[in-house]
Each structure stands twice: as structure tokens, then as C-alpha cells.
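Reader: I would like to learn how to read helix packing from a model. Please take it one feature at a time.

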Amino acid sequence: MDSLSLPRLRWIAPVLLCAAVLVAGCDDEELLPPETEAPLFERYAALGNSITAGFQSGGISASTQQESYAALLAASMDTEFNQPLLNDPGCPPPIVDALTGERAANVDCALRTTPLPPVIHNVAVPGAQVIDLLTNLDSNSSANTLTTFILGGRTQLEAAADVQPTFATVWIGNNDVLGAALSGNTDLITAAGDFETRYRQAMDSLATPDLEGALLIGVANPTLIPHLSPGAAYAQAQPTIQALLDGSDTGGQFVVADNCAAGGATSLVPYGYGFGTLLAQAQNGLSVQLDCLNDPPVLTPEETATVVGAVQQFNAIIQAEAQERGWAYLDPNPVLQEQQDQVPVFPDLENQPAIFGPFFSLDGVHPNGAAHVLVANAAVDAINAQYGTDLPPIATTQ
Amino acid sequence: MILPPIRCLLRRKRFAAVLSGLVGLLLLMPSEATAQGFSIYEQGACTMGRAGATVADPCEDGSGIYFNPAGLTGRPGLTLSAGATAVLVGGDFKSDRTGETWDLQNDPIFVPHLYANYGLDDQLSIALGAYVPYGLGTEWPTGDFPGRFLGYDNSLEAIYVQPTLAYRITDRISIGAGPILAISTVELNQQLDLSTVEAAEGTTFGQLGIPLQTSFADANLEGHGLGFGGNIGIQVKATDWLDVGARFMTPITVDYDGTGSFSQVETGIELPPDNPLGAPAGFPLDAIIASQFAPDSTLDAQDISTEITLPMQIVAGVKVQATPQLQVLLDYQFTGWSSFDVIPLDFENDELDSEQIEDYENTNAVRLGVEYELNESLRLRAGYLFNEAAAPEATVTPLLPEADRNHLTAGLGWRIVPNVEVNVAYQYINQNDRRGRVRDAPEGEEPTAALNSGLYTFTGHLIGTTLTLDL
């Protein structure tokens with residue numbers, strides 16, 4: 001072996017130095033997703049019923065779901081928000097003609113869109129009452145076809161747990177009184193004791209260590225919705241209703257009893273009864289009469305007072321629950337009442353696209369996209385006030 | 001009601017996609033591999049101490065059977081070596097969405113090697129070796145680990161058995177070669193996602209509301225196969241201080257035959273009233289699914305077969321005798337992982353046949369090693385190597401969450417008595433963190449990086465030992 005010169009070694013040191021640097025590897029923080037500006041809203045779950053789910057005009061589809069105040073709120077939070085979107089035309093398809101009840105398509109229910117999201121952030125189910133947050137199988141539960149389509153057999157709380165939410169909104173309880181208002185049967189109102197027990201149990205379950213904040217929204221007063229019209233308004237509109245029948249070969253008589261204009265003037269007649277049941281019978285040649293004091297579906301002043309009383313009682317429970325937990329609370333009724341002058345006392349039959357005014361969809365019960373913006377902005381205000389956050393408002397043009 | 005009462009679960013065509021992913025991933029294999037893709041380069045403690053830089057002048061323990069058959073010449077007599085490399089790895093997956101982390105739960109494994117080299121004279125040697133250049137495994141927690149549908153407990157072994165002949169053509173040039181018999185086994189354990197399975201023609205359970213990643217079955221797939229190839233090398237002693245070497249290992253296609261077996265995992269779902277499946281309120285979904293596990297049903301055990309091509313390797317390198325005691329070695333390695341692009345899956349039921357797209361990429365590695373002869377009985381070694389990842393960014397999964405890696409090695413050889421040597425080595429693997437996915441692409445779509453939903457980390461510690469007897 002010949003003599004070996006040290007210069008051969010000169011390149012070794014730099015190479016080994018480079019190797020030492022390289023072996024430190026790449027633990028790159030940039031590989032992680034950017035942190036949410038407000039960690040409070042890192043993971044948001046919305047629980048509720050038809051309003052939160054985005055149900056409008058007696059139906060629900062991807063387009064109505066995306067108008068939900070919850071989706072708008074998530075956009076303001078700049079947080080991920082996957083919804084259990086339902087293919088067009090919907091499940092069921094929304095109504096496109098309030099008078100005939102015609103829907104966007106003649107199908108019962110379209111399927112969920114695919115691909116499925118890893119988790120859904122809007123777990124609200126149309127028809128849900130407070131008890132439905134906890135169980136789908138209790139005899140008092142309102143679980144329905146959409147419960148499976150949205151939750152796949154889980155409860156809302158179970159589905160929300162998948163999100164591991166840092167923030168939640170809960171707008172539930174509307175259906176604990178709505179059924180009474182729409183049917184005139186106050187026996188359908190959930191007993192206050194049951195309401196309180198179930199609501200507290202649900203909030204206990206929701207309040208996991210991950211949850212940093214929440215907004216509880218009170219029960220909307222169903223007697224304010226345009227689906228309910230005063231009996232006097234029916235008395236005044238009787239000629240208009242009769243004119244609808246006179247144009248038909250099979251049209252019968254639609255009579256409004258005197259007690260609607262007099263003693264029953266403040267009774268509330270559900271659109272589903274006046275324009276649904278009675279008008280349909282008249283269209284089949286029968287002679288029908290709306291009796292504002294004796295027809296069971298009509299909400300008498302006493303029944304209206306009972307419903308309103310239940311709403312106030314439920315909202316006191318919800319507000320107390322929010323205060324106890326340090327969460328935000330929003331009473332939706334002032335928001336609705338501010339627009340009350342734009343809510344027609346009787347369906348605007350000449351203005352079919354806005355038969356129930358600018359803030360309600362074609363079923364007269366569920367808010368439309370414009371009303372969801374109002375609710376979302378009220379929610380933004382309530383959250384900002386409670387948590388000192390700076391959520392931006394949602395543009396009213398949305 | 002949009003569907004008739006349950007009458008058609010788990011349509012076979014749809015289930016083909018589930019099984020195809022499952023078997024495809026079975027063959028994909030694990031992250032405990034210590035070099036690119038699922039290869040293992042640590043087939044001898046002497047070479048391991050040099051970071052695998054050895055092709056120009058393999059260690060004198062017979063490991064040249066793998067690292068360069070030409071390097072077996074010049075050692076008359078019988079050399080026997082046996083050893084193993086202990087592989088201890090750690091890593092985790094961190095979810096973007098929740099920040100939740102799941103740790104790899106691999107137990108230490110031992111990768112053996114065995115070499116016998118008999119030099120008839122200075123010119124000619126015959127040898128036989130068995131080593132494991134591809135394989136290893138990954139084990140993730142079950143429970144809620146979101147990657148359990150791609151595979152949570154997986155293993156692969158590819159043992160190469162190679163008889164070898166080496167011949168010194170001139171004083172400076174040697175060649176060597178040998179055929180390879182590859183004996184391989186693979187196993188994959190994976191859960192199946194009910195949301196992707198058809199409840200009726202053209203309608204999946206997911207479209208009825210069953211959430212993504214609803215486990216309903218545990219699948220165990222095992223396969224065994226053989227393949228044939230070869231390994232050839234050349235060594236040139238260019239000067240008294242410079243050796244040059246190269247080798248080529250052919251790709252080897254292994255045909256696997258095996259069995260897939262399935263057991264039910266309870267979803268615990270009780271169907272709500274008015275559910276679209278038409279079942280009564282409270283009816284357990286598991287009772288509906290259970291029939292699919294009965295004999296001759298879709299989820300009954302069945303034969304499966306497939307093939308995988310273990311990639312070719314081309315290595316070239318130099319050894320510089322820097323001082324009488326110090327040698328420096330540098331290797332470059334090219335591995336043809338692009339052959340691992342599509343896995344055809346052949347089921348007993350032809351309706352289930354499908355393909356799994358992998359799209360692996362060829363890789364490059366650079367190895368730098370130094371060896372210092374402290375005295376006649378003790379040699380010290382150290383090394384560094386860098387290798388690229390074979391998996392493209394769309395295929396970083398729980399089965400092989402690999403990335404570019406930097407390795408540091410150290411080792412020593414101790415000749416206890418003139419004919420007995422013990423070599424030990426340690427290797428540290430630092431893998432770059434890499435984004436990856438824990439779920440498969442929707443049916444009919446190729447996986448993309450858009451599915452990546454978290455960060456994989458990985459580190460490894462390897463300890464190698466080889467005992468060599470010169471008889």
C-alpha cells in the first residue's frame with residue numbers, strides 16, 4: 001500500500017458536518033394546518049331541530065341546509081362546518097306552491113350526498129324535541145326518517161361528540177310547543193318538569209372538557225308565525241277564499257262563522273287547517289265552515305296564552321341553564337318581533353313567492369334564508385358579548 | 001320510505017371495492033421498514049455500522065452475498081455468519097381536525113440473516129445466504145384510530161435465499177452472482193366501513209345516513225408466495241487505495257395465494273322509527289348485518305390471490321483507503337419502486353376482481369461510511385445515509401407512513417479470537433414528518449393528497465449483531 005496523504009481526508013469533515021445537519025430532519029410546523037384564529041371556534045357543532053337543520057317550505061335539501069343560521073355562523077367563525085347534505089330535490093322536497101302544496105319534485109326522499117364528510121357539524125334533525133337530543137327510541141321521541149338520514153341511528157349528542165366540539169349552539173325546544181300551536185291541542189306541550197330535566201341532562205352530556213363555550217337559543221314563540229292567522233283575518237278574507245273555489249267546477253262553499261269576526265277574533269287559525277283541511281274539502285264540493293271557537297285545530301285565546309306561557313317557562317329554564325354554565329343565551333323572539341310588521345296577518349295570496357312575507361318560507365312556519373341571516377347576526381352579537389370575541393356579522397344580502 | 005325492507009345488503013360488486021382495498025394494502029406493507037418503501041437494508045452488523053456503504057468492498061462476514069457477490073472472493077476456507085437486527089420504532093398520527101394523536105404500537109421485531117461462504121481458493125468462492133431485504137410491520141391501536149380501515153396490524157416478510165458463485169477474473173476484477181428464491185408472507189388486519197357498503201342496488205349505507213367510518217367487520221387476510229430473481233455484482237480494485245463496486249438485484253414478482261376471513265364488529269346501532277331500511281324502531285342494525293357472515297355469504301372466508309413486485313436495486317460505490325487504518329466508503333443506491341404501481345387483486349369470485357393503484361416512485365439513497373481499525377482485533381465504524389421516500393404524497397397511509405429519512409450509524413467489530421468475530425451496530429432513523437391520510441379515496445376515484453388529514457411522525461432505533469466464524 002502506498003503512502004496515504006491527508007488531503008484525501010479533507011472532504012470528509014464537511015460531508016460529516018452536512019450529514020449532522022441533515023440528520024436533524026424536518027419536523028416542519030408548516031405541515032400542520034394553520035391554527036384557528038379563535039381557538040374557541042376550532043370545532044363547532046350545531047344541535048337543534050328543523051330551523052337549525054335548514055328545513056324550509058316543508059322540505060329540506062342541500063340548498064336550504066346551506067342557508068341555515070348555523071352554517072352562516074360557522075362562516076363567521078371561519079371554522080369547518082360539514083352538513084349532512086341531502087341531494088336535490090330534497091327529503092322531502094320543499095314546497096314550491098303554498099296554495100296547492102306542490103313540491104319541487106314528486107319523490108319522498110332523496111339520499112345523502114357523497115362522499116360523506118368525516119364528521120358532521122350540524123347534527124340538528126327536523127322535528128326534534130329536547131328529548132331527541134338524548135334518545136331516538138323513547139315513546140315521547142319525535143325521531144323520524146330524517147333522524148336516520150342525518151344521524152345514522154345515533155342521537156344528536158352522540159353525533160356531536162364525534163366533532164369533539166370546542167363550541168356548540170343549541171336551539172331546541174321549539175317542537176315542545178309548536179305541535180300544540182299548530183293543532184290547537186295544548187296537551188301536546190311538554191311538561192315543564194320534563195323539559196327541564198331533559199334539557200339539563202342534555203347540556204350535562206354536551207359539556208365535555210373539550211367544550212369551551214356555547215350559545216343556547218330560547219324557544220321561538222310559535223304564535224308569532226304567519227302560519228297562524230287571526231280568525232278575524234279569515235272573516236275578512238272569506239270572499240277571496242270563496243273566489244278561489246268559484247273558479248273551479250267542483251268548488252263548494254267556504255263559510256267563516258260569525259264568531260271568527262266577533263268572539264273568536266283573536267283565535268289563531270293554522271294555515272294547515274284553514275287552507276289545508278277546510279279548503280281541500282271545499283275544493284271537493286263540500287260546504288265547510290270555519291268555527292273559531294269550536295274547531296279543535298283553532299288556537300283559542302286561552303290556548304294561545306298557554307302556549308306563550310310555556311314558551312316563557314321554557315326560556316327561563318334555558319336562560320338559567322346558560323347562566324349557570326357561563327354560556328351565551330339568545331332569546332330569538334325579540335328578533336322575530338322586530339320584523340313583525342312585515343309578517344302578514346293573513347297569507348298574501350297575490351304574492352305567492354312571499355305568501356308569508358319576506359322572512360318566512362312557504363310553509364309559514366320555518367324562517368327563510370333572510371330570517372336565518374337575522375338569527376345568525378343576533379347569535380353573533382350574543383356570542384361576542386359573552387365571550388369578548390370579534391365575530392363579524394353576516395351580510396344581509398346573503 | 002325510499003327503499004323496500006332490507007333485502008339486499010352488501011352487494012358483491014360494492015364489496016369488491018372494500019376487499020380490493022384491503023388486500024391491496026395487505027401487499028403494500030408496513031412502516032417499520034428501515035429504508036425506502038418497505039425495504040430493509042440492515043443485513044449484517046458490520047455493514048450496518050457503515051450505514052450500508054459497502055458495495056465497493058463488502059464486509060468479510062459473507063454478507064456480500066447480498067451487498068455485492070463479487071466481494072466474496074479472496075477468502076479461502078469457510079466463513080459462517082449469523083445474526084439479527086432488532087428494530088424498534090415509534091411514531092404517531094396527529095389529526096388535523098382534533099389534534100388527537102394515535103401512537104404506533106409496534107413490538108420490537110428481529111430481522112435475521114445467515115450467510116455461508118466457502119472460498120475454494122483465492123479466485124473462486126461458493127456461498128449460500130438467507131436474508132430479509134423487504135418487509136416488517138405496523139401495529140396501530142384499534143378502537144377509534146381513524147386509519148383502522150386501511151390496516152391496523154400488518155406484516156410482510158420476504159426472505160431471499162441466494163446461492164452464489166464469485167470469481168476473481170484478474171487481480172483487480174471480481175464478479176459474483178446468484179439466483180434468488182423469494183419466500184414471502186403477508187398479513188393484513190383491517191376493519192370494514194359499513195358506510196361504503198351497499199344496502200341496496202346503487203345505494204350505500206352512507207347515503208342512508210350511516211356515518212363514515214362505522215366499523216362492522218374485522219378482516220384478516222393472509223397470503224403466501226414465491227418469486228424468483230437474481231443478484232449480480234462486480235468489484236474493481238482500481239488502485240491500492242481505491243476500490244469500486246456495483247451490483248444489480250433484479251425485481252422479483254411474488255405470486256401470493258391466501259385466505260380472507262371476517263368477523264363481525266358490533267355497531268351498536270338501533271334503528272330509529274321510520275328508518276329508510278324499513279326495520280321497526282329499535283331494531284339492531286347488527287342483526288341485519290349478521291347474515292352476511294354466514295357460510296357461503298359475502299363475508300364467508302374465501303380464497304384470494306395477488307402479486308407484488310419487489311423492486312430492483314442498483315448500487316454503485318467506492319471505497320477509499322484514506323490511511324492504513326481508515327477507510328471511507330460512499331454508495332449510491334437506486335431502487336425501482338415505480339414497479340409498484342398497480343396491484344391486481346384476484347378473488348375466488350371473479351366479480352370481486354379489482355386493482356389497487358399505488359403509484360410508487362423510484363428512489364435514490366446516498367450512504368457514507370467510515371471504518372477505523374483501532375488494532376488487530378477492534379474496528380470502529382460510523383455512517384450516515386439519506387434516502388428518499390418511495391410513497392408519493394397521495395399514498396402516505398397507516399400501512400407505510402414514510403418520508404425522506406436521515407440515518408446515523410455506529411458500530412464496532414471485535415475479533416475475540418482469530419477465527420471468531422462479533423460485530424454490533426446501532427442505527428438511528430430520523431424520518432421527516434409527513435402529511436398523510438387515514439382513509440381511502442371514494443369508490444372509483446384515485447387517492448390524492450387532498451385526502452391527507454394529519455401528520456405522521458416516525459423514528460427508529462436499530463441494533464444489529466452478527467457472529468462470524470472463520471473455519
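Reader: How many helices and strands does chain A have?

Author: Helices (H or I, at least four residues) and strands (E, at least two) are DSSP runs, numbered from the N terminus. Chain A has 14 helices and 8 strands. This is a predicted model: local features need pLDDT of at least 70, side-chain atom pairs count only at pLDDT 80 or more, and totals for chains, interfaces and linings use all residues. Residues are numbered from 1 along each chain as its sequence is written, with chains lettered from A and ligands numbered from 1 in the order in which they are written.

Reader: At what angle do the axes of α8(A) and α12(A) cross?

Author: Two packed helices are described by the angle between their axes and the distance between the axes. Axes are lines fitted to C-alpha atoms, for helices over the stretch in contact, and angles run from 0 to 180 degrees between N-to-C directions. Here α8 (residues 192–206) and α12 (residues 301–325) of chain A have axes that come within 10 Å and cross at roughly 30 degrees. That makes α8(A) roughly parallel to α12(A) (angles under 35 degrees count as roughly parallel, over 145 as roughly antiparallel, 65 to 115 as roughly perpendicular and the rest as oblique).

Reader: Which residues of α8(A) meet α12(A)?

Author: Contact requires C-beta atoms, placed from the backbone, within 7 Å. On α8(A), the residues are A:A192, A:F195, A:E196, A:Y199, A:R200 and A:M203; their partners on α12(A) include A:F314, A:I317 and A:E321.

Terms used. Contact = placed C-beta atoms within 7 Å.
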